[in-house]
Amino acid sequence: MEIPAEFPRPVLEEAAAAAQRDVTAGRADLRDVPFVTIDPPGSMDLDQALHLERRPGGYLVRYAIADLAAFVTPGGALDAEVHERGMTLYGPDERTPLHPAVLSEAAASLLPDTDRAAAVWHVELDDRGEIEGARVGRALVRSTARLTYEEVQTRLDAGDAGEMLDLLREVGLLREACERERGGVSLDVPEQDVVAHEDGSFGLEFRSTLPVEGWNAQISLLTGIAAARIMRTGGVGIFRTLPAADPRDLARLRRTAGALGIDWPRDLSYGELLATLDSASARHAAFLNEATSLFRGASYAAFGGTGQPAEVPDDVAHAAIAAEYAHVTAPLRRLVDRYGTEICLALCADEDVPVWVRDALPGLPRTMARTGQRAGSYERASVDIVEAALLTRRVGDVFDAVVVDVEVARAGAPTPEPRDVMRGQVVIADPAVRASVEGPALPLGDRVRVRLRDASIERRRVVFDLA
């Protein structure tokens, strides 16, 4: 799949020199703000640090973002390499980072108890959680703690998390309510994770996301929404876009809800329905899985770059967020965020957007499409290989499963010919596998017994038949 194994020597040398650079000059000093980071255990590439406080009539969200432009020289060897990579790739046993570790896990990472260069967002919210104002500027910050999601959730549940983390829950819940009111959606679909064991072997598990992960994500989302507003006003930017669901797909999903025995009143919106579902239920999990098919075709739309008009294109909202949105919060792991951040920094300072940013904007959507497709294929292939490896000696065995998807004609696709065998997807719990299934009838959302027909590591394929 042409995944780069290592960084070329000139890139490593440039990154090492950049890591020694003094990047503190001309920055606001915000080291007295007790920022914290919240990430998975063991994370070293820390893009974001947050701090929340009450203000009269609402809240103030401070969000510090790693300042990669302080380390990456436009047009240099490092810049060319990160354009080729596009984003960090995640495999079962290691990451293929966007930037060398001397930057992504050290000098540019918002590690605790050390001074770091950052682009700090100040977002003012009213008492309902709606954005009242936003700005971003360069600053010097000092994170006070590197927390994990599990640690924060445990402390919140025990009632001893402290005021700042209590505000994360309070603001997160408000922003989730705002999302539902806008018509946006957040899908609580269990994640299929590859688990590396201490003896070097691998396993699979389905992991439900913790509530704090959703609340933390809402801070990133509100920052991206604020960034898009600044870009629209300034006439230069790059939006993350997602087309609205086809009405025929929504009608199909309503039929699916009926087949699964899920009550979906006509006056209840799609987002409001999702808020009532629990992925621990087999029927609800099957519906949530089908719901992911509504939103396809995510892309980027750039405007105001070199040779581009400053007018914002039509239909550039992100349908799942139900707002215009820009990626600006993960520059250590995603190339486009460095450019989005630089645009907002310039516009908030009433300065010209740098020429190197404007020159790159027209080509960024293609770069992100290419590298995003590679990242998705790589991560899916890694899971497919582990699934096949865990099952290769169990061909012929029978498993308990749940049917989570049934192949049907999507909107605009030709209607398939009638056939005696249906195809779909099942999930089995042990090992935690999602794979193809075939049978004369596939009852969506029902528990069934399936027999393993094929498990091929070489073809990255697992197929079951109804038993």
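**View 1. Strands S14 and S15 pair in the antiparallel sense.** In this predicted model, S14 covers residues 398-406 and S15 covers residues 422-428. Four bridges join the two strands; pairing requires that DSSP finds at least two bridges between strands. Helices (H or I, at least four residues) and strands (E, at least two) are DSSP runs, numbered from the N terminus. Valine 403 has valine 426 of S15 as its bridge partner. The model is predicted, with local features needing pLDDT of at least 70 and side-chain atom pairs counting only at pLDDT 80 or more, while totals for chains, interfaces and linings use all residues. Residues are numbered from 1 along each chain as its sequence is written, and side-chain values use heavy atoms, with hydrogens and water left out.

**View 2. Five strands close into a barrel.** The order is S14-S15-S16-S18-S17, and the pairing is mixed. From one strand to the next, the twist averages 50°. Helix H9 (residues 282-291) packs on the sheet. H9 touches S14, strand S16 (433-439) and strand S17 (447-456); contact means heavy atoms within 4.5 Å. The direction of H9 makes about 45° with that of S14. Axes are lines fitted to C-alpha atoms, for helices over the stretch in contact, and angles run from 0 to 180 degrees between N-to-C directions. Helix H12 (residues 364-391) lies across S14, S16, S17 and strand S18 (461-466). H12 runs at about 60° to S18.

**View 3. The loop between S15 and S16 holds proline 431.** The peptide bond from aspartate 430 to proline 431 is cis. Its omega is near -5°.

**View 4. Strands S10 and S11 form an antiparallel pair.** S11 spans residues 202-207, and six bridges link S10 to S11. Glutamine 192 has phenylalanine 206 of S11 as its bridge partner. Alanine 196 stands opposite phenylalanine 202 in S11. The hairpin has five residues between the strands. There, glycine 200 takes a positive phi near 95°.

**View 5. The second largest pocket holds about 590 Å³ of space.** On a 1 Å grid over the protein atoms alone, a pocket is an open set with protein on both sides within 12 Å along at least five of seven lines, whereas a cavity is a set of points where a 1.4 Å probe fits but cannot get out; lining residues have an atom within 4 Å of a point. Grid points are joined across faces, edges and corners, and a volume is the space filled by probe spheres set on the points. Of the 25 lining residues, Pro190, Phe206, Ala285, Val404 and Val427 are the closest to the pocket centre. Strand S10 (191-196), H9, S14, S15 and S17 each supply at least two residues of this lining. By class, the lining has 14 nonpolar, six polar and five charged residues. Ala, Val, Leu, Ile, Met, Phe, Trp, Tyr, Cys and Pro count as nonpolar, Asp, Glu, Lys and Arg as charged, and the others, Gly among them, as polar.

**View 6. The whole structure has one cavity of 30 Å³ or more.** The largest cavity has a volume of about 30 Å³. Its lining includes Tyr63 and Asn216. Strand S2 (36-39) and strand S3 (48-55) are the elements that give two or more residues to this lining. S2 gives the largest share, four residues. The lining has five nonpolar, three polar and one charged residues.
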